[in-house]
Amino acid sequence: MAHSHSHGETHGHHHHGTNNKRALKWAFFLITAYMVVEIAGGIMTNSLALLSDAGHMLSDAAALGLSYLALTYGQKSSSQSKTYGYRRFEILAAFINGIALLAIAIYIFWESYQRILNPPSVISKGMLIISIIGLIVNIAAAYILMKGDKDENLNVKSAFLHVLGDMLGSVGAITAALLIMFFNWNLADPIASIIVAILVLISGWRVTKESVHILMEGTPQNINFEEIKQALLSIPEVKQVHDLHVWSISSDFPALSCHLVADSEEHQQTLLKKANQLLKEQFHIEHTTIQIDLEDTDCTMNYSRE
């Protein structure tokens with residue numbers, strides 16, 4: 001019987017990590033500062049669309065702050081009490097963020113309903129100015145995030161998509177302000193708020209669903225369990241695969257454990273090497289724990305080659 005523990009490089013290159021943290025930090029400060037301005041502006045102009053967009057910006061700020069903390073905490077070394085370090089902090093915070101977004105969306109829907117029944121007067125000029133500034137701030141934040149490693153790092157990519165989504169909220173608020181200004185159509189304000197609330201609801205549901213899936217040790221979304229099983233069985237020295245488990249420690253850290261039944265004792269080390277190479281190259285799984293057995297054990301999760 002042989003065991004293999006493979007631990008791939010999980011932190012990436014230092015240069016990329018520094019760029020990502022810097023991009024996330026500056027985008028976070030920019031979005032958070034403007035969110036405070038937008039809340040004040042929403043109260044002063046009596047615009048629910050601005051307040052709704054501020055709620056969406058809160059989700060952006062939370063996503064950016066969460067991504068920054070995930071990169072920072074993820075670099076903390078593991079201990080005897082936390083053998084994976086603080087990687088799960090990202091998922092726990094994402095779950096709380098998702099629940100908060102759902103609550104914000106429900107509140108916006110309720111307020112919008114009240115305003116549709118009784119549309120209040122809105123100071124459209126102030127609303128328009130603040131909305132245009134908001135759009136500029138979002139474009140600036142998106143530009144900053146593009147300087148990071150957004151195509152490879154999931155945290156930066158997620159934050160970038162959040163900011164792109166918030167641009168729609170700013171465009172909605174600008175449109176509503178123009179409709180109120182030129183047509184005195186005060187209903188545009190709660191209608192724009194509902195559109196933003198739908199965006200917040202979708203974001204909140206997605207974040208909550210994904211974080212719960214990871215906390216429940218679910219198979220990563222981008223990994224096909226059946227394909228991994230068949231790929232391992234395709235290795236000539238493998239007779240059977242059992243106790244196969246694939247899960248995520250954090251959003252970008254998949255892990256795998258399994259038992260492989262070898263055809264002979266001489267092939268054990270060759271088999272370990274082939275299995276780890278296959279999992280790394282085909283499925284980008286570098287954190288593995290593989291046990292090699294010489295004869296099948298009584299196991300409910302048993303997969304044999306036909």
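Leu 201 is located in helix α6, which spans residues 188-215; helices (H or I, at least four residues) and strands (E, at least two) are DSSP runs, numbered from the N terminus. This is a predicted model, in which local features need pLDDT of at least 70, side-chain atom pairs count only at pLDDT 80 or more, and totals for chains, interfaces and linings use all residues. Residues are numbered from 1 along each chain as its sequence is written, and side-chain values use heavy atoms, with hydrogens and water left out.

Apart from neighbours within four places in sequence, Leu 201 is in contact (heavy atoms within 4.5 Å) with Leu 102, Ala 105 and Phe 109.

In helix α7 (residues 225-233), the residues Ile 228, Lys 229, Ala 231, Leu 232 and Leu 233 are buried. Buried means under 20% relative accessible area, exposed over 50%, and partly exposed in between (1.4 Å probe, protein chains only). Gln 230 also lies in α7, but Gln 230 is partly exposed.

The table gives accessibility for two residues.

| Residue | Relative accessibility | Class |
|---|---|---|
| Leu 201 | 32% | partly exposed |
| Gln 230 | 41% | partly exposed |

The C-alpha atoms of Gln 230 and Val 241, eleven residues apart in sequence, are 9.2 Å apart in space. For Leu 201 and His 56, 145 residues apart along the chain, the C-alpha separation is 9.7 Å.

Strand β4 (residues 287-293) is largely enclosed by the rest of the structure, because six of its seven residues are buried. Strand β3 (residues 253-262) runs parallel to β4, and seven bridges join them. Within this arrangement, Ser 257 stands opposite Thr 289 in β4.

Definitions and conventions: Two strands pair if DSSP finds at least two bridges between them.
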